[in-house]
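Hi everyone, thanks for coming. Please have the sequence and the 3D view open while I talk, and we'll walk through a few places together.

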Amino acid sequence: MMVDFIDGSENITVHGVFNWILLLSIFSIITVIGNFIGYDHPIGDSLVGMGILSVITLVGVWMERRIPFNISSIIYISAIGIILAFPGMPTSEIVSYYVSKVELLSVVTVFLAYVGIGMGKSWNEFKTLGPRAIIVTMLVIASTYLGSAFVAHVILVMTGVPA
Amino acid sequence: MNKDKSIHDSNHPYREKTDKRILKKNPWKDYGLHVTVLVLVIIAEMIGPIQIKLINGIEVSIMPLLYTMALGLIFYLAKPIKWIQRKQARIAEGAMMLFIGVLIAKLAVSSGQSMHLLFEMGPALMLQELGHLATIFIALPVALLLGFKRESIGMTNSIGREPEVAVIVDKYGFNSPESRGIFALFVVGTIIGTVFISFLTSISVSLLPLHPFAFAMACGVGSASMNAASLGPTLAAFPGLETQIEAFAGFSNLLSFSISIYIVIFVAVPLTEKLYYWLEPKIGRKAIIEEGEG
């Protein structure tokens, strides 16, 4: 399982970037259709929204591979997204308007379909792990989630943030 | 993993996986896979969210995102569906690493719009990271009572997604009991984590009177999928706060990917070890025979 983890990465090529663009286009089209069925958002506007998000992603993954620092694309993508939407930036209104036409949950619904299919590979390993591993995993997730929520709540109340 | 690989190197499981799958093959050519996803999405969005009432007004909401994930897994496992096989699963996995970017970008745009709030709530965001340590005090004793030995150190120090797996493998070595523990946590978490955190969130938001932003920050404790699955019921429970909740969940998830690995290295793992050596002689059971690889 973990062998995948360790192998080295490739260099980017024009071919690779082309693959990224096509994959993001497919993802955008599926998301926009789901976004229309589930939330009635107009197809044109949400397509522009997905286009903006795809470009941010593309620049982020490209920067990760081109810039010699050891920084994950997640950080670059977050930074670009925040800067573009920051109130006062000239891009802020346009980006916020179109991106708001794409529901987060529409993106996630498509994303998790791929996750579900990819997850199939782990199914056999999962079956060999006993119920004890499942109990411990559920406890780990529950206590991490609730630990985070309780601490955050206490600090928010202490610092006087109104609900 | 080689001992000489630094922790920084092991920060890149996403990049390596994505590159291996995407740069070599032509993943967009697998029409069967993408059309299947489109059909799953259409089915899921047409059904829409379902609310199930449990006792005393506790409500569990099942979101379309859980249908697509479950159906995706079923399609992979179902024998008659010949066009979704191991190869498609690998492509899906590689593509997913790219699509995480879109999800992160959406959360980042929400964060940018609510930047002023994030400055005000910085202390809560940072300190909730320490709340993650609750797992050590709750899950470790239970793991010991269930008969786990040193595996429990890997299993209970953190939520066990990719960055944490890399930390444990780097520290204890690939074939150590600690690594076996976190691999088990990783696999089980991959299969049930998303569904489990979604139900956990539904129940928590209807049962606990906590601050909406506290729930938002808690969404981000695990992987991007878990964050998303947890956001579903949270957004539904607090209408009108969508942008802020997305912003806090996004930021918290970002911290989970970046800062939390240092908390795992410097706080969580040493603390787990300490507690293990103190508790194991008291409540540890007779070692049970290892399952799986060993």
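Let's start with B:Thr36, which lies in helix 2 of chain B. Helices here are DSSP runs of H or I with at least four residues, strands are runs of E with at least two, and both are numbered from the N terminus. Before going on, a word on the source: this is a predicted model, where local features need pLDDT of at least 70, side-chain atom pairs count only at pLDDT 80 or more, and totals for chains, interfaces and linings use all residues. Residues are numbered from 1 along each chain as its sequence is written, chains are lettered from A and ligands numbered from 1 in the order in which they are written, and side-chain values use heavy atoms, leaving out hydrogens and water.

Is B:Thr36 buried or exposed? Its relative accessible area is 5%, so B:Thr36 is buried. Buried means under 20% relative accessible area, exposed means over 50%, and partly exposed is in between, using a 1.4 Å probe and protein chains only. Leaving aside neighbours within four places in sequence, B:Thr36 is in contact (heavy atoms within 4.5 Å) with B:Phe75, B:Trp83 and B:Ile84. Take B:Trp83: it is 47 residues from B:Thr36 in sequence, and their C-alpha atoms are 9.1 Å apart in space.

Now zoom out to the whole of chain B. Its secondary structure comes to 14 helices and two strands. Of its 294 residues, 64% count as buried. Among chain B contacts between residues at least 6 apart in sequence, 74% join residues at least 24 apart.

Next, helix 11 of chain B. Why can we call helix 11 of chain B largely enclosed by the rest of the structure? Because eight of the eight residues in this helix, 212–219, are buried. Among them are B:Pro212, B:Phe213 and B:Cys219. The cover over these buried residues includes helix 8 (131–158) of chain A, as well as helix 6 (122–131), helix 10 (177–207), helix 12 (224–237) and helix 13 (242–257) of chain B.

Helix 10 of chain B also holds B:Thr201. With a relative accessible area of 0%, B:Thr201 is buried. Not counting residues up to four places away in sequence, B:Thr201 touches A:Tyr145, B:Ser230, B:Pro233 and B:Thr234.

On to the nonpolar core, meaning a set of buried Ala, Val, Leu, Ile, Met, Phe, Trp, Tyr and Cys residues joined through side-chain atoms within 4.5 Å. Which residues touch the most other members of the largest one? Of its 145 residues, they are A:Phe27, A:Phe111, A:Tyr114, B:Phe99 and B:Phe248. Helix 4 (residues 86–113) of chain B gives the most to this core, with 16 residues. Domain 1 (9–121) and domain 2 (129–163) of chain A both give residues to this core, so it lies between them; the domain bounds come from an automatic or database domain assignment. Beyond its neighbours within four places in sequence, A:Phe111 is in contact with residues including A:Phe27, B:Met96 and B:Phe99.

Last stop: A:Asp40, in the loop between helix 2 (14–39) and helix 3 (43–66) of chain A. Its relative accessibility is 62%, so A:Asp40 counts as exposed. Phi of A:Asp40 is near 60°, a positive value in a residue other than glycine.
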